[in-house]
Amino acid sequence: MRFTKWNFVMLVLGNLIYMADLIVDIWVSVNFFYEGQHIFGILAVSFVLIAAGVVQCFSFMWYKEDFQKTGQKRLSCSLLIHCFQGGIFTRYWFALRKGYCSAFQYPTNFSTPSREEPTDLHQKVINEAADLSMLRLFETYLEASPQLMIQLYVLMEFGPAGFTQVAAIVISCCSISWSTVDYHITLRKSLPDKKLLSGARPRLMYLLYKLLTFVSWVLSVSLLTVLNVNLGLILLFIFWLSGITWACKQQTTFCTSKGMEILYRVVVGFILIFTFFNVKGENTKFPMSAYYIMRLLVTLGILAVFWFCTPPDEHQDFFRAVTLIIVGALLLGILFLIVYYTSFHPNRSEEKKIFDELDGRTPPRACRIRHFLMQ
């Protein structure tokens, strides 16, 4: 398996989107405080800090595991870098440096032992890119998704959006879409026993399925929050608690330590608020079907409750448009989900049932990413 020039371009774009999303989130937080909306400012800053802390924590633990495998014991420098929130940027630096050498230069130009095979060099870069894609996925759903819901709530509650809000909404959607698709592609590339997700149409179908179901859901929850903040928070907490419970029931084995495994399951529960994924590499046909059926019923219930409690007359047209977007996005998202699994999934020619990325078989090499798998 080779790390290609296109993979390097994807890595660069992922880095740029990550930095743009971080800058805009900080900008939005500052703007909230400047406009006197201190509660939204505190919430925005809190999600940025929590997401950063979780990402740095996982990044350091992975460095620690890798150092232990190679016999290295000096972790003080790595710990200091992660404490100052530099872990993911350090990973990007090494991944971009190695990726450039692997994709554009002859392997012997790269500063590694001469006895190392070119295939090993490419595989190392692919593994580092896989770690980065997973960390971006954590950051996206812990930071960008809540930030997007805050922006939508402010838009629905307080009227027309300014440039800052529009920029935050667009960049959050781009970040979520990119990290989801990039993770899916990188996952398959990092596992030698899995077929690659190649071609524009399969990737487009997967992107549209994820993006549309996500947009429909965050708009629905934002509507409920506009109607009653407490109801919206209770619904999110129920989904979070259900996600944690399901992760515990699956007996996930993502981390080597018990404390990090608990943190991982908490993160899993939070991500399951927004989208479904396979957390253990097993057949999830029925759980995934139940998840989206429940999402469909809850969305319809939210719309029914919202229109039963009629919104103000001056906002009727706006909320009517939002309702149409919710229904249309949800139906199209489910349609693209069906089309993807029946016509474009890489394993469709081998498997008659709907499977996620793994079907319980252990791949030929150990890899962190195989323990955390989206469908």
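Tyr153 is buried, with a relative accessible area of 14% (buried means under 20%, exposed over 50%, partly exposed in between, using a 1.4 Å probe and protein chains only). This is a predicted model, where local features need pLDDT of at least 70, side-chain atom pairs count only at pLDDT 80 or more, and totals for chains, interfaces and linings use all residues. Residues are numbered from 1 along each chain as its sequence is written, and side-chain values use heavy atoms, with hydrogens and water left out.

So what does Tyr153 touch, leaving aside residues up to four places away in sequence? Phe40, Ser222, Thr225, Val226 and Val229, with contact meaning heavy atoms within 4.5 Å. Tyr153 itself sits in helix α5, and its C-alpha is 9.7 Å from that of Val218, 65 residues apart along the chain.

| Helix | Span |
|---|---|
| α5 | residues 118–158 |
| α7 | residues 200–227 |
| α8 | residues 229–249 |

Helices α7 and α8 pack at about 140°, axes 5 Å apart; axes are lines fitted to C-alpha atoms over the stretch in contact, and angles run from 0 to 180 degrees between N-to-C directions. That makes the pair oblique, the class left after under 35 degrees (roughly parallel), over 145 (roughly antiparallel) and 65 to 115 (roughly perpendicular). Among the contact residues are Trp217 and Thr225 of α7, and Leu235 and Phe239 of α8.

Zooming out, the protein chain has 11 helices and zero strands, and 52% of its 375 residues count as buried.

Definitions and conventions
Helices (H or I, at least four residues) and strands (E, at least two) are DSSP runs, numbered from the N terminus.
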